[in-house]
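This briefing covers a helix pair, a strand pair and the loop between them. The sequence and structure come first.

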Amino acid sequence: GQPAQPVLGQAVPQQQQRPGVHTINAYGPYEMYNPGAGARPGQNRRMQQPMLPQEEGSPMLNLCGETYAMSDISCWQWPCVCCCPCCVGNPCSDGRQREYRWTFWSFIGILVILEYIMYIVELSFGFYWYSSDFMQPFSSTLLLLGGNYWPYMRAPYYQLWRLLTACFLHNGMFHILFNTLAQAFYVRRLEADWGKWKTVFIYLIAGIGGNLVSASRKRANVVSVGASGAILGIAGAHLIYLGIQWRNPVSRSQYNKMQLFQVILLLVLCFFWGGGGSFSVDFWAHLGGFSFGVMLALAVFGRDLDWPTPVFRKVWPAVGALSGVAVFSTLLMYMVWDFDF
């Protein structure tokens, strides 16, 4: 017979999930196959977008290790689904506990721990109790530990490693708190969908690209730090990811509409705040990270997702990769050797 329909607050047991049942895990539609008990997010999935059969009923949502029917999610719970899906249902169930353990050892979990360790190291050199942020490290400390500083990356110093190390440093308590919350509640769930290595690739390259755009402004009196450029790169890649799969009727569900709203809200807040005249916010790192995220999304997801015609599977990934390499090389030459274009 047919498996019982889940009710709100009741998870669907793993044994009731049949191969081929259409499941939406956090951010994107996937076709599950060979599901095993205790499977970690990102395992036993393949990036496909099959049409949902009519007899399957409502699509399912995998919320932090527990599966629920999309039709059983009430209106007031949709913000929780997008921001904190563990708040839907029992937050201490076996599936949720497995999810928490996986989160601790995921790329984002390790990254958040590393960022707080680096922040403690920054404070050990001394800090201001309050300047532009609470418990703000000295600029000399950020420069010593690898902050993004253009005069040290141009000839004859060539300290280009600062483009990467600046992503792990922060300029105050609220700065690191905002970035790590965005990583934990937003980037981590995309890592569960996209897989570890795609997320690592987009995150790091977008962060380096954002710092490169910031350094290309050639400001001799500014030390720039923070992970916001990398986070906005993930947001730019997510926006392209949603746009590519939007032609699938299941992708135009209320859940993905909420994800689209979440991405747009994040972009508006970051760019409005950064462009509102705040000296402590690096608008150009935000813009650069977002731009590189868009190009990386075309290169990474172009062959996996369902394009209207097969030719796009080769054309758009090439466009994303070539444009990214061209922009990166041009900005690098302009920053290091003072080329004028």
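At what angle do the axes of helix α3 and helix α8 cross? The axes of α3 (residues 107-124) and α8 (residues 196-215) cross at roughly 45° and come within 10 Å. α3 is therefore oblique to α8 (under 35 degrees is roughly parallel, over 145 roughly antiparallel, 65 to 115 roughly perpendicular, and the rest oblique).

The model is predicted: local features need pLDDT of at least 70 and side-chain atom pairs 80 or more, while totals for chains, interfaces and linings use all residues. Residues are numbered from 1 along each chain as its sequence is written, and side-chain values use heavy atoms, without hydrogens and water.

- From α3, F107, L111 and E115 take part in the contact, and from α8, K196, T199, V200 and Y203 (contact means heavy atoms within 4.5 Å).
- Four nonpolar, one polar and two charged residues make up the contact of α3 with α8 (Ala, Val, Leu, Ile, Met, Phe, Trp, Tyr, Cys and Pro count as nonpolar, Asp, Glu, Lys and Arg as charged, the others, Gly among them, as polar).

**Strand pair**
- Strands β6 (residues 127-130) and β7 (residues 134-137) pair in the antiparallel sense over three bridges (pairing requires at least two DSSP bridges).
- Three residues separate β6 and β7 in a hairpin, and F127 has P137 of β7 as its bridge partner.

**Loop residue F125**
- F125 sits in the loop between α3 and β6.
- F125 counts as partly exposed because its relative accessibility is 44% (buried is under 20%, exposed over 50%, partly exposed in between, with a 1.4 Å probe and protein chains only).
- Beyond its neighbours within four places in sequence, F125 contacts F138, T141 and L144.
- C-alpha to C-alpha, F125 and P137 are 7.7 Å apart, and they are twelve residues apart in sequence.

Terms used: Helix = DSSP H or I, 4+ residues; strand = E, 2+ residues; numbered from the N terminus. Axes fitted to C-alpha atoms, helices over the stretch in contact; angles between N-to-C directions.
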